[in-house]
Amino acid sequence: MAHYRASESRREQFRRYLEKAGVLDSLTSVLVALYEENDKPSNALDFLKQHLGLSGPAPAEVEKLRLEMVGLQQQYESLLEENKGLKNRLLQYESAQEEAATP
């Protein structure tokens, strides 16, 4: 009987720990969302992962972001080259003005 009480006490401590950490509220809200789904998902575990933020981004979203990043990198490199060219042109004009101003 004493073993049963010790085990029950540990369970109660664990339950309070989960409650303080917000785990029970999060799980409850996700389970309620699953319950309220009209079209139940074929994989309930994936639903839980998605709503708890464990599944990560969808592969299509990752590919979209990767392509966007590649495009932005190309644009960045292009702008760096343009900036370099404009700086060189500015230096040429400044040099020409200095030579013209010197008698």
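Me: At what angle do helix H2 and helix H3 pack?

Reply: In this predicted model, H2 (residues 23-36) and H3 (residues 44-52) pack at about 125 degrees, and their axes lie 10 Å apart. An angle between 115 and 145 degrees is neither roughly perpendicular nor roughly antiparallel, so H2 is oblique to H3. The crossing of H2 past H3 is right-handed.

Me: Which residues in H2 and H3 meet?

Reply: Because an α-helix has 3.6 residues a turn, residues three or four places apart point the same way. In this case, H2 contributes Ser26, Leu27, Val30, Leu31, Ala33 and Leu34, which meet Ala44, Phe47, Leu48, His51 and Leu52 of H3. By class, this contact comprises nine nonpolar residues, two polar ones and no charged ones.

Me: What is found at the start of H3, and what just after H3?

Reply: At the start, Asn43 places a side-chain oxygen within 3.1 Å of the backbone nitrogen of Leu45. Just after H3, Gly53 adopts a positive phi of about 80 degrees.

Me: Which residues does UniProt list for "coiled-coil region"?

Reply: The unreviewed UniProt entry lists residues 62-96 under that name. In the model, the chain over residues 62-96 is 100% helix and 0% strand, with its end C-alpha atoms 51 Å apart.

Technical notes:
Residues are numbered from 1 along each chain as its sequence is written. This is a predicted model: local features need pLDDT of at least 70, side-chain atom pairs count only at pLDDT 80 or more; totals for chains, interfaces and linings use all residues. Side-chain values use heavy atoms; hydrogens and water are left out. Axes are lines fitted to C-alpha atoms, for helices over the stretch in contact, and angles run from 0 to 180 degrees between N-to-C directions. Helices (H or I, at least four residues) and strands (E, at least two) are DSSP runs, numbered from the N terminus. Angles under 35 degrees count as roughly parallel, over 145 as roughly antiparallel, 65 to 115 as roughly perpendicular and the rest as oblique. A crossing is left-handed if the near helix is turned anticlockwise from the far one by less than a right angle, and right-handed if clockwise. Contact means heavy atoms within 4.5 Å. Ala, Val, Leu, Ile, Met, Phe, Trp, Tyr, Cys and Pro count as nonpolar, Asp, Glu, Lys and Arg as charged, and the others, Gly among them, as polar. UniProt positions are given in the numbering used here, feature names are shortened, and annotations may be inferred rather than shown by experiment. A polar contact is a pair of N or O atoms within 3.5 Å; within protein, one must be able to donate a hydrogen and the other to accept it, and residues adjacent in sequence count only if both atoms are side-chain atoms.
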